[in-house]
Amino acid sequence: MSKEPKNPTAGESETPSASIEHAPSSDAPETTDLPSTDKPQAAAKKPPAKAEGDKPPAKAKKEKAPAVEDKPFAEFIQQDYLPALQAALTKQGVKDLEVNFAKQKLPVAGMSSVGDCWQVIGKFQEGQRQFNLYFPQENIQSQRAFSCAENNTKTSTLEPFLIDERKVTLDLMVFGVVQRLNAQKWLNLN
């Protein structure tokens, strides 16, 4: 038989032996070890997973310190609220502030038959100005009221205090009293 004519435009080349070795065959559906440009490189093999007992302990979550508002009612008022209120009003220029916490009858005209109620009682200017913050229940998140009186008169109006707030905090309670006394024009910075 005669020899097949070679393609004159292809030249005298032959298929390289490396291509023949790595060419896929129809018998073995395995991939080759030649790098490919259309596939990402395979990641290095991961070491085998350790046994369940070999895992390092999970990092403990840092627990948030409980909020001061979560303390028992009387403890919060005496240890946190009264000192914070005293400091805030002193910073506003009140010199002779006396602040107490007591359970007693409401000093509002016509309300003496209601019963005892927890109160923060503040007096300054030699007792001529007095304000009260009322807590009918032992809970700062429940109802609160405010009153003020001047020149040793009996309080005539009981006002709601911070009624629109969803969560009452120490800072908010201090701010509320300072704001209310400032509105009354009782603080020196007016």
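Of the 190 residues in the protein chain, 28% are buried in this predicted model. The chain contains 3 helices and 5 strands, and their order along the sequence is α-α-β-β-β-β-β-α. Its accessible surface comes to about 14500 Å², with 51% belonging to carbon and sulfur atoms. Among contacts between residues at least 6 apart in sequence, 44% join residues at least 24 apart.

Turning to the interior, nonpolar side chains in soluble globular proteins tend to be buried together. Here, the largest nonpolar core has 33 residues, and those with the most contacts inside it are Ile77, Tyr81, Val120, Phe131 and Met173. At least two residues of this core come from each of helix H2 (73-91), strands S1 (98-105), S2 (116-124), S3 and S4, and helix H3 (170-183). H2 gives the most, with 8 residues.

Aromatic rings deserve a look of their own. The structure holds 6 aromatic pairs. In one of them, the ring centres of Phe131 and Phe146 are 6.3 Å apart and the planes lie at 15°, so this pair is stacked. The pair links distant parts of the chain, with Phe131 in strand S3 (residues 129-135) and Phe146 in strand S4 (residues 145-150), 15 residues apart. Both Phe131 and Phe146 are buried.

Technical notes: Residues are numbered from 1 along each chain as its sequence is written. This is a predicted model: local features need pLDDT of at least 70, side-chain atom pairs count only at pLDDT 80 or more; totals for chains, interfaces and linings use all residues. Side-chain values use heavy atoms; hydrogens and water are left out. Rings of Phe, Tyr and Trp (its six-membered ring) pair if their centres lie within 6.5 Å; planes under 30 degrees apart count as stacked, over 60 as edge-to-face and the rest as tilted. Helices (H or I, at least four residues) and strands (E, at least two) are DSSP runs, numbered from the N terminus. Buried means under 20% relative accessible area, exposed over 50%, partly exposed in between (1.4 Å probe, protein chains only). A nonpolar core is a set of buried Ala, Val, Leu, Ile, Met, Phe, Trp, Tyr and Cys residues joined through side-chain atoms within 4.5 Å. Contact means heavy atoms within 4.5 Å. Accessible areas come from the Shrake-Rupley method with a 1.4 Å probe; for residues, only the protein chains shown count as cover.
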